[in-house]
Amino acid sequence: MSQRFFELYDDVYVPGRWHLDNPTDRQGREVDDPWVFRSGEPVRIEGRLKVPIEHAGRALDFSLAGLSVPVVHVRAANIFTELAPDDVQLLPVDLEGQPDQYLILVATRLIPCIDERASRIRLWTHEDGLPHKVGQYASVRDMRIDPSRVGDARVFRARGWPGPLLISGDLKEALERAGITGVKFEEV
């Protein structure tokens, strides 16, 4: 039986939930390159980060802050470090008014695993006017991955389309068993 994988994303339909803004440094300045948190590689950040609360509401165990940066409660972080210690980096972050510990979750693996035949792919072409992007993914819809290319990874991003945070089926089940709030899954 082959391993199943899922995109992990934010359940935006949780009633009364909070919404988080872009990560900042201690002085409230946005991080130089906020996309680094979604690059599929470990990040180097000087100093402790803050994530402003854009809209107050119910705190969740898993949220996507601005620019889809995953922010997790320490309960969720513990599950990730227990089941996927080599696949994640956790960066402490302050959330105003929150006494609990939260962390930015960075997937540290970038794997060339997209099943191009099973996914709806559009590549950049010369006609798009961006010569440096020709041949790269312009869009990936209904993404499916080839599990045989994932190896032992349990948390990762797909090379060429690193936006979605991808996790293994056993990690999904562990998050569900623990009652982690704010999570939503779609099989890839």
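The crossing of α1 and α2 is right-handed. Start there. This is a predicted model.

**Stop 1: the helix pair**

Select residues 74-83 for helix α1 and residues 169-177 for helix α2. Their axes lie 10 Å apart, at an angle of about 150 degrees. Angles over 145 degrees count as roughly antiparallel. The two helices, α1 and α2, are therefore roughly antiparallel to each other.

Now show side chains. Which residues make the contact? From α1, pick Ile79, Phe80 and Leu83. From α2, pick Asp170, Leu171, Ala174 and Leu175. Colour them by class: six are nonpolar, none is polar and one is charged.

**Stop 2: the whole protein**

Zoom out. The protein has two helices and 14 strands. Its C-alpha trace spans about 50 × 45 × 30 Å along the principal axes. For 188 residues, a compact globule would have a radius of gyration near 16 Å; the protein has 17 Å, which agrees.

**Stop 3**

Go back to α1. This helix lies across β6 (69-73), β7 and β8. Against β6, α1 runs at about 105 degrees. Those strands belong to an open sheet of five strands. What is the strand order? Read across: β3-β7-β8-β6-β5, with mixed pairing.

Next, find the edges. Select 49-50 for β3 and 62-65 for β5. Each of these edge strands pairs on one side only.

Walk the sheet from the β3 side:

- β3 and β7 pair in the parallel sense, over two bridges. Here Lys50 stands opposite Asp94 in β7.
- β7 (residues 88-94) and β8 (residues 102-107) run antiparallel, joined by six bridges. Select Gln89: its bridge partner in β8 is Val106. Then select Leu91, whose bridge partner in β8 is Ile104.
- β5 and β6 run antiparallel, joined by four bridges. Select Ser63 and find its bridge partner in β6, Val71.

Stay with β5 and β6 for a moment. These two strands form a hairpin, with three residues between them. Which residue in the turn has a positive phi? Select Leu67: its phi is about 65 degrees.

**Stop 4**

Select residues 155-158 to show β12. β9 and β12 run parallel and are joined by two bridges. Now pick Ile111: its bridge partner in β12 is Ala158.

**Last view**

Turn on both helices and both sheets together. α1 lies across β6, β7 and β8. The contact between the helices joins Ile79, Phe80 and Leu83 of α1 with Asp170, Leu171, Ala174 and Leu175 of α2.

Notes. Residues numbered from 1 in each chain as written. Predicted model: local features only at pLDDT ≥ 70, side-chain atom pairs only at ≥ 80, totals over all residues. Heavy atoms only, no water. Axes fitted to C-alpha atoms, helices over the stretch in contact; angles between N-to-C directions. Parallel < 35°, antiparallel > 145°, perpendicular 65-115°, else oblique. Left-handed = near helix turned anticlockwise from the far one by under 90°. Contact = heavy atoms within 4.5 Å. Nonpolar A, V, L, I, M, F, W, Y, C, P; charged D, E, K, R; others polar. Pairing = 2+ DSSP bridges. Rg over C-alpha atoms; globule rule 2.2 N^0.38 Å.
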